[in-house]
Structures are given as C-alpha cells and as structure tokens.
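Open the model in your viewer and keep the selection tool at hand. The stops below say what to select next and what is there.

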Amino acid sequence: MSAHAHSEDDHGSEGHDFAHPMSVQTLLAVFFALTFLTVITVAQASFDFGAFEVATVMFIATIKAVLVMAFFMHMIADKPFNAIIFIGSFVFVGLFVIFTLGDSMMTSGSFEPVVEELAPAVAEPMEVKVDGAP
Amino acid sequence: MSTIEASPEVGHDDHGHDHDHDHPAFLAHHFDTPEQQFDSGKLGIWLFLVTEVLFFSGMFCAYAIFRALRPEVFEGCSQFLNTKLGAINTGVLLFSSLTMAWAVRCSQLEQHKGLVGTLAATLSCAMIFLGVKSIEYSHKWGMGLLPAGLFAYDPSNPHPTDHPNYLMYICIPFAIALAGVLLWLVVSAGLGNKMHVAMAMPLTVVCLCFFVGVGLGMVLESGDETAEHIDVHADPNGLASAPVMLEAEKAAAAEAAPAIAASGAMVSVDESVLEILAGDASNTGVTSGLNALEQQNAAAGTSTITGDEAVVGAITTTEIDVMTPTTAGVFFSIYYCMTGIHAIHILAGIGVLVWLLVRAVRLDFNRQYFGPVDYVGLYWHLVDLIWIYLFPLLYLIR
C-alpha cells in the first residue's frame with residue numbers, strides 16, 4: 001500500500017493532509033436520506049406486495065447500505081483496492097447463500113423433527129439445530 | 001524509537017530531531033510516513049470487516065433456508081416483534097452512524113472538543129439502543145418466547161407472572177457501570193484532576209443513556225400493548241388494570257372485524273387467539289388473525305385447532321399452527337442469534353469507543369494520526385449496516 005494516488009503526497013509528511021474530511025452537509029444529507037428510506041421501509045410493510053415484498057425490502061436496504069458504505073465509510077474517497085476487497089466479500093456471501101439454499105431445497109423437506117404433537121405446549125421440543133444444510 | 005531511518009538523506013540525527021520530523025511519537029518505527037501507517041491500518045480493518053461480513057452471512061444463510069422452507073412461521077412469529085421499537089432502534093443506530101462519521105471528520109480537522117462530543121453522542125446512542133433492546137428481550141423472555149428447546153409460550157396464558165424479573169437482571173451490570181463511573185467522576189472532581197473529570201463526565205451521560213433507552217422502550221411498548229407491559233414489568237398497580245385493558249383491546253379487535261362477530265360458533269380457543277393478537281400484534285395482525293378464524297370456521301364446521309401441517313399456504317390460516325415449540329422456537333432461535341450477536345458487536349463497539357473517548361480527551365489524535373478513529377468508525381458503520389438488513393428481515397415480515 002505504498003503507492004500513493006494523490007498528487008499532494010509529496011507534502012504528506014509535512015503536515016499536508018492525506019485525510020479527506022467529509023463535509024458536514026454531505027453527512028447530514030446522507031443521514032436524512034437514510035432516515036427517509038427507513039420511513040419508506042416501515043411504510044411499505046403496510047401494503048401488500050405479495051411475492052415482491054422481500055425483494056422490495058432488500059432493495060431499499062441495499063440502497064441504504066450503499067449510502068453508508070460510500071459516504072459514512074468514505075469508500076468514494078478511499079483507495080479502490082479496499083473497496084474491491086470489501087465488495088468482493090459479498091460475491092462470496094452470494095455464492096455461499098445461493099448454493100446452500102439450493103442444496104437445502106433439494107434435500108430437506110422440512111427443518112423440523114417429526115413429532116406427533118396434538119398438544120403443542122406439552123410436546124418436548126427436540127434439539128432443533130440449524131441443520132437445514134446437509 | 002527509530003533505529004533505522006528509511007530515507008537515507010535524513011540519516012541518524014539525534015533523537016530529538018526524529019521526533020520533530022520523520023518519526024513523531026504516533027508513528028510506529030516500521031512505517032516511513034504517517035500516510036503509510038494509516039493505509040496499512042485501513043487495509044487491515046477492511047480485511048477484518050470482510051471476515052465480519054462472512055461471519056454474519058452464515059446466520060443470514062440460516063435465515064434464508066428456514067424462511068424458504070416455512071415462510072408462514074416467519075410471518076406468524078414476526079407479529080410478536082414490536083415494529084415500533086425496531087424502527088426507533090434503527091433511527092438511533094443511523095444517528096449514531098452520523099455522529100461517528102462526524103467524529104472521524106473532527107479528528108481529521110483536529111477539532112478536539114467536537115471529537116469528544118461526537119464520540120460521546122455515538123456512545124449514548126449505542127446505550128439507548130441496548131436499553132430499548134433490553135426491553136424487547138425481557139418482554140419476550142417473560143412471555144416464554146424463547147429459542148427452540150426453551151420455548152414455553154402458552155397461547156392461553158401469554159403473560160405468566162411467575163417469571164423472574166429479567167429486565168432487572170439486564171439492568172444490573174449497567175447500573176454497576178453507572179455507579180462506577182459516577183464514583184470516578186466524584187473522586188476525580190474531589191482530587192481536582194481535570195483530565196479525569198473530562199473523561200468521566202461524558203461517560204456518566206453515556207451510562208445514563210442506557211436507562212433513557214429503557215424508559216423509551218417502556219413508553220413505546222406500553223403505548224402499543226399496555227396490558228403486556230404491566231405484566232412484564234410487574235407494575236404494582238398495573239395488575240388490577242390489566243384485565244380491563246385486555247377487555248378494551250378485545251372490544252377494539254371485535255370492532256375491527258364485525259364479520260367475525262356474526263359468524264358465531266366461537267369456542268374458547270378463538271377468544272384466546274383474539275387475546276394474543278390483540279395483545280401482541282398491530283391491527284393488521286388482529287385482522288388477519290380474525291380472518292384466519294373466519295376461514296377456519298368456514299372450512300370446517302368444528303373449530304378444533306391442532307398442529308396440522310397440511311396448511312393451505314395462506315398466511316392467515318396458520319396463525320395458530322406456527323406457535324408450536326418446534327416451529328416458533330426455530331424462528332426465535334434465529335431471532336436471538338442474529339440480534340444477540342449484533343448486540344454483542346454493539347457492546348464491543350462501546351468498548352473501543354470508550355477507549356477512543358479517553359484518547360480523545362488526552363488529545364492523542366491529529367491530522368496525521370486519526371487512524372484509530374477512522375477504523376473504529378468503519379467497524380461501527382458495519383454494525384449499522386448489518387442492522388439495516390436485520391430490521392426489515394425480522395421485524396417487517398407481514
């Protein structure tokens with residue numbers, strides 16, 4: 001990480017900033033945008049979007065996440081390498097979730113132990129572990 | 001101190017000059033420049049955040065699998081989570097993210113007072129978050145809404161009174177912390193140690209904020225569901241009024257769906273469902289619960305309610321089935337695991353933020369050395385980021 005991307009880094013050790021302070025206006029604007037999106041998320045829960053509900057919710061959450069990453073986490077001013085590493089992790093999260101989910105859909109019908117229970121409160125709950133994945 | 005100078009033209013001066021120019025006290029000897037030190041630390045913290053993302057992805061994966069297999073369980077159990085408290089906590093966490101980002105700015109611009117203030121604000125928000133969370137947790141523990149294996153929710157008696165006072169147990173460590181910080185404040189004020197007073201004063205406010213959060217949670221919880229609140233928190237004069245409130249809410253619920261009242265043939269189970277939903281869920285929950293009863297009555301003249309697995313698939317017909325230990329317990333296992341580990345991350349964040357606050361009071365940070373503030377900020381934003389996903393996924397399922 002010794003390659004310096006900035007022209008002013010010749011003065012770097014002489015008190016010139018390598019910091020990129022976010023302006024207060026930007027921070028406040030991002031905060032209000034995030035709050036607004038939260039209100040939208042809560043509001044949309046009272047409408048019925050059917051199958052699109054999860055997609056809607058995740059879409060709004062992802063917009064919020066991008067705002068936080070870009071501005072609060074300074075990704076737009078950061079070195080691209082850091083952003084590549086971080087965003088790259090989500091690729092692997094996607095692979096992980098998709099493969100595991102697909103596998104569990106094909107192999108296990110239900111995650112619950114088969115218990116004959118007509119009186120639910122009395123039945124002894126089994127050790128239900130996160131074992132949907134094989 | 002520096003024994004090997006990287007830049008040959010500087011060479012070996014006497015140590016005093018090293019301090020002034022190439023190796024200030026904050027610069028570790030193996031780095032050439034403050035910027036190099038900052039970039040290395042930043043790469044490290046980003047890598048740590050990657051491990052955090054992958055760590056949490058395991059839980060999100062578990063969530064996805066169980067929700068894909070039994071969506072109606074999630075829809076039914078989510079009614080027991082208080083959306084209002086979740087939304088307030090989201091707002092609090094977003095605000096703490098703002099103050100954290102502002103703290104990074106302050107440290108970069110050497111605004112020392114502002115840095116202490118914004119760090120204290122971030123810490124206070126974290127404490128409010130935990131306070132609200134403790135209300136949520138203690139409330140659910142009191143109702144027996146526990147992870148699979150411990151799940152003991154009884155629809156006919158949703159608010160047992162014979163459970164320990166969970167809220168008190170959660171509050172005790174924070175009360176001890178508050179007492180300790182207060183003692184520190186008093187002693188350092190008595191000794192006239194200005195720096196310690198400057199550290200202890202914001203920390204006292206921070207500790208108090210936990211109880212502000214508890215109060216906020218109580219108010220919101222009671223605004224939504226008065227009867228439960230009174231039961232759970234053992235309000236001495238509340239016990240008398242609890243049945244009255246239940247009656248009132250039942251009346252309101254009946255009003256909301258007049259068609260149900262006409263359908264008749266209501267057995268005692270139906271009433272208990274009314275109670276549960278009136279007590280626990282928002283109006284939409286009540287309505288859907290009543291619709292479920294209506295459909296059930298229409299489908300089968302008898303209104304026996306068993307753990308029948310062959311549900312039609314509509315949300316409304318499974319309101320009761322999902323509240324069995326094996327199904328609902330799994331939802332609450334996931335709920336406690338995800339929110340609990342998130343809360344542990346908040347606690348860890350509080351720890352490092354206190355460390356930052358102490359260093360900020362000592363004026364450790366400057367425009368060449370603000371790395372620790374930036375790194376903790378990145379961690380804090382990641383914790384916020386995870387909550388941004390957790391909140392809709394857990395609280396906003398209809």
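Helices (H or I, at least four residues) and strands (E, at least two) are DSSP runs, numbered from the N terminus. This is a predicted model, in which local features need pLDDT of at least 70, side-chain atom pairs count only at pLDDT 80 or more, and totals for chains, interfaces and linings use all residues. Residues are numbered from 1 along each chain as its sequence is written, chains are lettered from A and ligands numbered from 1 in the order in which they are written, and side-chain values use heavy atoms, with hydrogens and water left out.

**Stop 1: B:Asp39**

Select B:Asp39, which sits in helix α2 of chain B. Is B:Asp39 buried or exposed? B:Asp39 counts as buried because its relative accessibility is 6%; buried means under 20% relative accessible area, exposed over 50%, and partly exposed in between (1.4 Å probe, protein chains only).

**Stop 2: the largest pocket**

Next, select A:Met58, A:Val93, B:Phe60, B:Tyr389 and B:Leu393, which lie nearest the centre of the largest pocket among its 34 lining residues. On a 1 Å grid over the protein atoms alone, a pocket is an open set of points where a 1.4 Å probe fits, with protein on both sides within 12 Å along at least five of seven lines; lining residues have an atom within 4 Å of a point. The volume of the largest pocket is about 810 Å³, counted as the space filled by probe spheres set on the points, with grid points joined across faces, edges and corners.

Which helices supply at least two residues each of this lining? They are α2 (53-72) and α3 (80-107) of chain A, with α2 (34-69), α3 (71-78) and α14 (371-395) of chain B. The largest share, nine residues, comes from α2(B). By class, the lining has 25 nonpolar, four polar and five charged residues; Ala, Val, Leu, Ile, Met, Phe, Trp, Tyr, Cys and Pro count as nonpolar, Asp, Glu, Lys and Arg as charged, and the others, Gly among them, as polar.

**Stop 3: two residues with positive phi**

Most residues other than glycine have a negative phi. Select A:His74, in the loop between α2 and α3 of chain A; its phi is positive, near 60°. A:His74 counts as buried because its relative accessibility is 6%. Then go to B:Leu363, in the loop between α13 (325-361) and α14 of chain B. Phi of B:Leu363 is also positive, near 60°, whereas at 52% relative accessibility B:Leu363 counts as exposed.

**Stop 4: chain A and confidence**

Of its 134 residues, 36% are buried.

Colour by pLDDT, the predictor's confidence in each residue, from 0 to 100. Chain A has a mean pLDDT of 77, with 67% of its residues at 70 or more. Select residues 1-15 of chain A, where pLDDT stays under 50 and the model has 19 contacts beyond four places in sequence; contact means heavy atoms within 4.5 Å.

Chain B has a mean pLDDT of 78, and 69% of its residues reach 70 or more. Finish at residues 1-20 of chain B, where the pLDDT is below 50 and the stretch has 22 contacts beyond near neighbours in sequence. Where pLDDT is low, the predicted coordinates should not be read in detail.
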